[in-house]
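Let's take a friendly walk through the charged side chains of a protein. Have a look at the structure first, and then we will go through it together.

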Amino acid sequence: MREGNLAPFGAGGGVVEIDETFIGHDKNIKPKGEKRGRGFHHKNKILSLVDRTTGQARSFVVDDLKRETLEPIIRANLAREAKLMTDEASVYKIIGRDFAGHDMVRHLAREYVSKLDRSLHTNTIEGFFGVFKRGMKGVYQHRAHNHLHRYAAEFDFRYNNRKALGVEDHQRAENILKGVVGKRLTYETTTV
């Protein structure tokens with residue numbers, strides 16, 4: 001369900017929300033049986049971008065949240081004239097300097113929407129993550145890290161082809177079928 005359209009988000013000065021989320025247990029970091037501990041280091045990490053203007057989402061499974069990892073992804077998927085909207089994570093402060101604008105909300109200070117400008121928020125991407133996590137926990141309880149990008153692509157597709165964007169059920173089904181033309185998935189290609 002990965003879409004081939006890789007046009008940069010934020011073209012024409014649009015706002016793009018960027019955030020990361022954590023899901024599941026990455027067995028590559030801590031094998032089964034080891035104490036998991038607190039924090040997010042042992043979890044799978046997903047970076048997502050949501051273009052407020054087009055209503056489109058794009059997600060990436062990443063190994064870590066270092067600038068060296070996130071910056072190439074953000075630069076490749078955002079237009080220079082984009083306005084970034086993030087939380088206060090330091091990695092975004094550095095990356096945001098190269099774009100037309102960068103605003104942030106301070107979640108640590110319990111700020112989720114700016115009191116001065118109500119358009120400064122990351123609620124759109126938080127809503128996307130809510131749907132993603134409910135789907136992952138409710139439908140796909142067991143998933144391997146090496147297939148996580150496929151699940152992320154499915155939820156990107158669902159978000160990008162939702163009724164709020166004018167896509168009806170029959171059109172969504174047609175879009176899915178167009179995506180499988182010329183592709184073949186056999187049992188052998190799915191083994192770990």
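How many salt bridges does the count come to by the rule used here? A salt bridge is a side-chain nitrogen of Lys or Arg within 4 Å of a carboxyl oxygen of Asp or Glu, and by this rule the count comes to 8. Side chains of opposite charge can pair when their charged atoms come close.

Before we go on, note that this is a predicted model, in which local features need pLDDT of at least 70, side-chain atom pairs count only at pLDDT 80 or more, and totals for chains, interfaces and linings use all residues. Residues are numbered from 1 along each chain as its sequence is written, and side-chain values use heavy atoms, leaving out hydrogens and water.

Start with helix H1, which covers residues 67-77 (helices, H or I, are DSSP runs of at least four residues and strands, E, of at least two, numbered from the N terminus). Here Glu71 and Arg67 sit 4 residues apart, about one turn of the helix, and their side chains form a salt bridge of 3.1 Å, N to O. Glu71 counts as buried because its relative accessibility is 15% (buried means under 20% relative accessible area, exposed over 50%, partly exposed in between, with a 1.4 Å probe and protein chains only). Arg67, at 35%, counts as partly exposed. Both belong to a network of salt bridges that links Arg67, Glu71, Arg75 and Asp98.

Another salt bridge joins Glu168 to Lys163, with the closest N and O atoms 3.3 Å apart. Lys163 is exposed, at 58%, while Glu168 is partly exposed, at 34%.
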